[in-house]
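Open the model in a viewer with a cartoon view and a way to select residues by number. The stops below say what to select next and what is found there.

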Amino acid sequence: MSAPHTDVEQVEAANTAFYEALERGDFEEVSALWLTPADLGVDEEYHDPADSGVISCVHPGWPVLTGRGEVLRSYALIMANTDYIQFFLTDVHVSVTGDTALVTCTENILSGGPAPAEGDELGPLVGQLVVATNVFRRTSEGWKLWSHHASPVLAETDDDDAEGDDDGTNGLNPDDGPLG
């Protein structure tokens, strides 16, 4: 087993590699960064996903995706429909316990879609703020993603500030559900 500070550095490197592969649209690299049943010592042909540490992913606004097929299809879809994406990670915190690591961070995302008219280089750029939790597991090939969960950060608008709610709900109605 490696020293704790080395583990943290290796997990940080794996986390960075994940976001850099997404920025490049490198599907093969993204795929290689996720756990496989073989990484867990499970025969890929005869495994029960529930017993083999199945991977999972939650993209903002999406349902939970489980299993390599669903997770990797989602990244292929995102990459196919995103002409430009860049992640500026802030508030990165890494915690390692044994062969499991937890990374929390804020994804400051800048992305652009297809050009609106022929000849334009890129569609309008859009910024988004997302908080993410990435769970890694140590394998013989290094740290690999076990789970990724990303949720949008709800930003206050000037209208919310002007209302000046003093009831402690910050303008949310409990009857509207967890996201208002």
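Start by selecting His59, Ile78, Ile85, Phe87 and Ile109, which lie nearest the centre of the largest pocket. In all, 24 residues line this pocket. A pocket here is found on a 1 Å grid over the protein atoms alone, as an open set of points where a 1.4 Å probe fits, with protein on both sides within 12 Å along at least five of seven lines; lining residues have an atom within 4 Å of a point. The space in the largest pocket comes to about 440 Å³, where grid points are joined across faces, edges and corners and the volume is the space filled by probe spheres set on the points.

This is a predicted model, in which local features need pLDDT of at least 70 and side-chain atom pairs count only at pLDDT 80 or more, while totals for chains, interfaces and linings use all residues. Residues are numbered from 1 along each chain as its sequence is written, and side-chain values use heavy atoms, with hydrogens and water left out.

Now colour the elements that line the pocket. Helix 1 (4–24), helix 3 (68–80), strand 3, strand 4 (100–112), strand 5 (125–139) and strand 6 (142–152) each supply at least two lining residues. Helices (H or I, at least four residues) and strands (E, at least two) are DSSP runs, numbered from the N terminus. Which element gives the most to the lining of the largest pocket? Helix 1 does, with five residues. By type, the lining divides into 14 nonpolar, six polar and four charged residues; Ala, Val, Leu, Ile, Met, Phe, Trp, Tyr, Cys and Pro count as nonpolar, Asp, Glu, Lys and Arg as charged, and the others, Gly among them, as polar.

Next, select Phe18, Leu22, Trp34, Tyr75 and Phe136. Within the largest nonpolar core, which has 31 residues, these five touch the most other members. Such a core is a set of buried Ala, Val, Leu, Ile, Met, Phe, Trp, Tyr and Cys residues joined through side-chain atoms within 4.5 Å. Buried means under 20% relative accessible area, exposed over 50%, and partly exposed in between (1.4 Å probe, protein chains only). Helix 1, helix 3 and strands 3, 4, 5 and 6 each supply at least two residues of this core, and the largest share, seven residues, comes from helix 1. In soluble globular proteins, nonpolar side chains tend to be buried together.

Two strands pair if DSSP finds at least two bridges between them. Strand 1 (residues 56–58) pairs with strand 2 in the antiparallel sense over two bridges, and Cys57 stands opposite Leu65 in strand 2.

Strands 3 and 4 run antiparallel and are joined by 12 bridges; one place to look is His93, opposite Thr104 in strand 4. The two strands form a hairpin with two residues between them, and Gly98 in the turn has a positive phi of about 60°. Most residues other than glycine have a negative phi. Asp91, found in strand 3, is not a glycine, yet its phi is positive, near 55°. Asp91 is exposed, at 61% relative accessibility.

Stay in strand 3 and select Thr97. Thr97 is also exposed, at 60% relative accessibility. Its C-alpha atom is 9.9 Å from that of Arg137, 40 residues away along the chain.

End with the salt bridges, of which the whole structure has five. A salt bridge is a side-chain nitrogen of Lys or Arg within 4 Å of a carboxyl oxygen of Asp or Glu.

- Asp99 and Arg138: the closest N and O atoms are 2.7 Å apart. Asp99 lies in the loop between strand 3 and strand 4 and Arg138 in strand 5, so the pair ties together parts 39 residues apart in sequence. Asp99 is partly exposed at 38%, as is Arg138 at 22%.
- Asp7: this residue is linked with Asp99 and Arg138 in a network of salt bridges.
- Asp39 and Lys144: the closest N and O atoms are 3.2 Å apart. Asp39 sits in the loop between helix 2 (27–32) and strand 1, and Lys144 in strand 6, 105 residues apart. Lys144 is buried, with a relative accessible area of 8%.
- Glu141 and Lys144: these side chains meet at 3.2 Å, N to O. Glu141 is exposed, at 63% relative accessibility.
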